[in-house]
Amino acid sequence: LVGGRRPSAALAASSGDGAAPHAPADVADPEAFFEHWRRVKSRQRLREFEGRRSQWDWIDRVQEMCSTTCQELDSLLQQLSLLDEERREVVRKTTALHEECEQMVHDQEALSKSAEELAERLDYYDRVADVARMLDQGNAVASHTEFSQVLDQLDGSIAFLEAHHDFCQAQAYLHQFEHLRNRACISVRTAVQRSLEKSMAQVEQQLRERGSSDGAVDTQVFYTRFRAAALNHRPLMTLLHKRIDVHESYAATLEELEVFYVHLRVRLISAPVTAHLQSLLRRDLQMSELAPATRQASSYILDMSHFERQCFESYFELRQPQEALKTLLETVADIFYQALRPVVIACGDLSSLREIADCLQMDVLEPHQHSAKGDLVPVLAIVYRLHKDVQERLIFCVEYYIRQEIRGFQAEASDLDYPAILFDAEPAPEAAEVGGTPASSSESLGRGWFPTMRRTLVILERIYRVLEMTTFQGLAQEAVDLCIASLKAAAVDLARRAPLVAGPGRSEALVALARDADAQLF
């Protein structure tokens with residue numbers, strides 16, 4: 001059996017496979033058969049071996065291919081590892097470069113900032129030439145915006161150098177800036193003073209052209225030119241006012257300009273205002289016209305004071321305290337005081353003095369007493385002093401009147417002619433006039449009164465509410481006491497006067513009784 005099959009079948013199979021195309025069709029010899037079988041078997045083995053060998057060759061080739069692939073993969077992995085290391089190196093270098101760049105950017109920014117700070121600090125030093133050049137132009141004050149920048153640069157540079165006095169050449173530049181600031185203040189002062197003098201010259205020229213013989217003054221002439229010029233210089237005064245706390249030179253310049261302005265205004269208005277007041281209070285003025293003239297003068301001086309304050313405010317900012325404005329208003333009010341006080345002192349008429357006091361109190365002091373602004377306080381202070389002078393003059397006249405007309409009264413026979421005097425329709429001669437003033441309607445009610453009583457009531461009526469209450473009470477007490485004393489003395493005189501002659505129907509007892517009744521009734 002061969003492979004589980006019969007030899008004939010195996011031979012046939014091998015012959016069918018074409019392995020022995022020349023095998024005999026019938027093999028009777030066993031040896032030949034076995035020989036043939038061995039050949040077939042060897043060929044079969046050779047064929048199987050060649051098949052297995054081809055498989056192994058394939059396997060070898062595949063193995064060689066796999067080995068080659070593995071080697072290539074290993075080489076590729078190695079290359080990838082090298083590439084990854086190079087990538088990491090690139091990343092490291094890039095990161096380091098970025099860090100270095102960031103540091104360089106920070107350094108650049110720090111250097112730029114330091115350079116800017118250095119340039120800014122050096123700019124404080126470089127401003128000396130710029131400011132000096134602007135001040136040398138001569139018209140730096142004309143441009144308020146540029147001049148404000150000049151002052152800002154000066155103040156900023158001086159403040160910086162004072163804060164960094166240890167910088168190189170800080171003291172030298174500080175002295176230069178202070179000198180330039182003084183020059184700037186002098187430029188402002190010079191420009192404003194020239195403008196004020198020019199305005200004053202124009203006003204004086206107008207006054208000469210409009211000069212009148214009656215002393216009348218057009219008040220607007222004093223202010224039109226000044227207010228027009230103030231529009232150009234008010235910004236400069238504002239600049240100085242804002243910097244009065246920065247340095248004393250600004251405050252000193254502003255005060256000097258205010259003093260100069262006040263001196264100029266006083267010199268300008270003193271003579272015209274005095275002449276106008278004198279024209280109102282002329283020497284031939286009647287006593288009855290004195291109070292209306294005082295009222296006109298008071299109204300005029302209040303208007304002048306108000307206009308002066310407005311003109312002052314058109315140039316300068318208001319602040320507290322402000323001595324220049326106070327001095328100006330006091331000077332204007334003092335002109336009024338000096339013009340009116342001699343008239344008051346020379347006046348001996350009680351009615352005129354009373355009306356003057358009422359005018360000053362009711363028309364001037366009280367309307368402005370409760371003013372919230374207090375614009376004319378210096379003027380009111382002078383007017384109040386004049387009011388006190390009027391009251392003192394009135395007190396003096398009242399005391400003189402009491403001393404002469406009440407205490408020094410000497411009763412005449414006609415004064416003691418009671419009761420006949422009670423039926424006299426005409427007032428007593430001295431009742432017609434008290435203190436040089438015609439009797440009023442209230443005085444006519446005292447017809448038949450004793451002269452001291454009538455005079456006491458009249459004089460107290462005139463000074464009531466004009467003087468202070470304590471002063472009035474003192475004078476009233478003195479006058480009433482003297483009046484009572486005179487009445488008592490008159491009653492005694494009536495009791496002691498010569499008895500009436502007894503006649504028909506008149507007994508001596510009846511005459512004595514009538515005499516005592518007259519004394520008691522008096």
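# Briefing: a predicted helical protein model

Proline 321 sits in the loop that runs between α7 (290–315) and α8 (323–346). A cis peptide bond joins this proline to glutamine 320, with omega at about -10°. The model is predicted. The protein has 522 residues, and 35% of them count as buried. Its secondary structure comes to 14 helices and two strands.

**Overall picture**

- The protein exposes about 31,500 Å². Carbon and sulfur atoms supply 54% of that area.
- Take the contacts in the protein with a separation of 6 or more: 74% of them join residues 24 or more positions apart.

**Backbone exceptions**

- Most residues other than glycine have a negative phi, and most peptide bonds are trans.
- The bond between glutamine 320 and proline 321 is cis.
- Arginine 465 has a positive phi, near 70°, and is not a glycine.
- Arginine 465 is found in the loop between α12 (451–463) and α13 (469–496).
- Arginine 465 counts as exposed because its relative accessibility is 68%, and the cut-off for exposed is over 50%.

**Aromatic rings**

- The count of aromatic pairs comes to nine.
- One of them joins phenylalanine 222 and tyrosine 223: the ring centres are 6.3 Å apart and the planes stand at 70°, so the pair is edge-to-face. The cut-off for that label is an angle over 60 degrees.
- Phenylalanine 222 and tyrosine 223 are both buried.
- Tyr261, Phe312, Tyr315 and Phe316 form a cluster linked by ring pairs.

**Charges over rings**

- Arginine 265 places its charged end over the ring of phenylalanine 226, at 4.6 Å from the ring centre.
- Arginine 385 lies over the face of tyrosine 337. Here the distance to the ring centre is 4.2 Å.

**Serine 199**

- Serine 199 belongs to helix α4, which covers residues 170–209.
- Serine 199 has 4% relative accessibility, so it counts as buried. The cut-off for buried is under 20%.
- Leaving aside residues up to four places away in sequence, serine 199 touches Arg225, Phe226, Ala229 and Tyr315.
- Phe226 carries the charged end of arginine 265 over its ring, and Tyr315 belongs to the ring cluster.

**Helices α10 and α12**

- Two packed helices are described by the angle between their axes and the distance between the axes.
- The axes of α10 (residues 377–407) and α12 come within 11 Å and cross at roughly 175°.
- The two helices are therefore roughly antiparallel to each other, as the cut-off for that label is an angle over 145 degrees.
- On the α10 side, the contact is made by Leu394, Val398, Tyr401, Glu405 and Ile406. On the α12 side, Thr452, Arg455, Thr456, Ile459 and Ile463 take part.

**Leucine 376**

- Leucine 376 is in the loop between α9 (350–369) and α10.
- Leucine 376 counts as buried because its relative accessibility is 10%.
- Leucine 376 and histidine 306 are 70 residues apart along the chain, yet their C-alpha atoms are separated by 7.4 Å.
- Leucine 376 touches His306, along with Leu302, Ser305 and His368, not counting residues up to four places away in sequence.

How values were computed. Residues are numbered from 1 along each chain as its sequence is written. This is a predicted model: local features need pLDDT of at least 70, side-chain atom pairs count only at pLDDT 80 or more; totals for chains, interfaces and linings use all residues. Side-chain values use heavy atoms; hydrogens and water are left out. Helices (H or I, at least four residues) and strands (E, at least two) are DSSP runs, numbered from the N terminus. Buried means under 20% relative accessible area, exposed over 50%, partly exposed in between (1.4 Å probe, protein chains only). Contact means heavy atoms within 4.5 Å. Accessible areas come from the Shrake-Rupley method with a 1.4 Å probe; for residues, only the protein chains shown count as cover. Rings of Phe, Tyr and Trp (its six-membered ring) pair if their centres lie within 6.5 Å; planes under 30 degrees apart count as stacked, over 60 as edge-to-face and the rest as tilted. A charge sits over a ring if NZ of Lys or CZ of Arg is within 6 Å of the ring centre and within 35 degrees of the ring normal. Axes are lines fitted to C-alpha atoms, for helices over the stretch in contact, and angles run from 0 to 180 degrees between N-to-C directions. Angles under 35 degrees count as roughly parallel, over 145 as roughly antiparallel, 65 to 115 as roughly perpendicular and the rest as oblique.
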